[in-house]
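Hi there,

Here is the structure I promised to pass along. Have a look at it first, and my notes follow below.

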Number of protein chains: 2
Amino acid sequence: MKDAAFCTSSCPMTRTMSVLGGKWKLILIDHLGERRVRFGQLAQRVSLISRKVLTEQLKELEDDGIVRREAFAELPPRVEYSLTAHGLALLPILAQLRSWHCSAATAEVAAA
Amino acid sequence: MKDAAFCTSSCPMTRTMSVLGGKWKLILIDHLGERRVRFGQLAQRVSLISRKVLTEQLKELEDDGIVRREAFAELPPRVEYSLTAHGLALLPILAQLRSWHCSAATAEVAAA
């Protein structure tokens, strides 16, 4: 659930974390990438998340304009998730976070 | 507390989040910036965090080589926190996250 005090904080980073904070959102955004993904596929890829939490997190990302949810009137019903333009703009930043972490892990291995 | 399953995940973004996930760490790193800050100052700047959680988060950041803790043998004792080179490398990425969020907020105001 989103923290109201975070949303209205005078600190820009705190406001940013009101949208991206928690342990799952950046992982979900990274997994969506440039693809259109079904709920079940996403649940499978991000295997540590429960379906309940995945539903909540996707809803919040949708409300914040980062994820687009499309429901198709088919049998069985099909629902696909993808990033909006706003969400896609995060991908290069997430790539930098990943390489920041990866470079540290490589340095640790080299030093061991 | 850190999630062991996150640390050993095969997903690079999940491993990154084992270090940076949660709602506080990126905020704390951003507040430390290039400064040396006392615990009390940090608690005051990041006013929404409890002192207990701040202590835990700083300890984890220290264990992960992102934050340096220096204790000075003075009376009263002085403890200062600052970012290591590894932590400092995150600052330009955090600046991009802030401007990503800020640009969306500006677009919302313009559209209102």
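Buried area here means the accessible area, taken with a 1.4 Å probe, that two parts lose on being put together, summed over both. Please keep in mind that this is a predicted model.

By that definition, chain B and chain A bury about 3,100 Å² between them, and 79% of it lies on carbon and sulfur atoms. On the chain B side, Met13(B), Leu97(B) and Trp100(B) lose the most area to chain A, together accounting for 23% of what that side buries. Each chain brings 33 residues to the contact.

What about polar interactions across the interface? Three residue pairs are in polar contact between chain B and chain A, both residues being at pLDDT 80 or more, while the count of salt bridges between these chains is zero. Four helices of chain B each supply at least two residues of the side that touches chain A: helix 1 (4-7), helix 2 (12-20), helix 3 (25-32) and helix 7 (91-111). The residues on that side of chain B comprise 20 nonpolar, eight polar and five charged.

I also checked the cysteines. There are zero disulfides over all chains. For Cys11(A), the closest cysteine sulfur belongs to Cys102(B) and sits 12 Å away, so the two are too far apart for a bond. Cys102(A) is in no disulfide either, since its nearest cysteine sulfur, in Cys11(B), is 12 Å away. As for accessibility, Cys11(A) counts as buried at 12% relative accessibility, whereas Cys102(A) is partly exposed, with a relative accessible area of 44%.

Best wishes

Methods
Residues numbered from 1 in each chain as written. Chains lettered and ligands numbered in written order. Predicted model: local features only at pLDDT ≥ 70, side-chain atom pairs only at ≥ 80, totals over all residues. Heavy atoms only, no water. Contact = heavy atoms within 4.5 Å. Salt bridge = Lys/Arg side-chain N within 4 Å of Asp/Glu carboxyl O. Polar contact = N/O pair within 3.5 Å; in protein donor to acceptor, adjacent residues only side chain to side chain. Nonpolar A, V, L, I, M, F, W, Y, C, P; charged D, E, K, R; others polar. Disulfide = S-S within 2.5 Å. Buried < 20%, exposed > 50% of the residue type's maximum accessible area, 1.4 Å probe, protein only.
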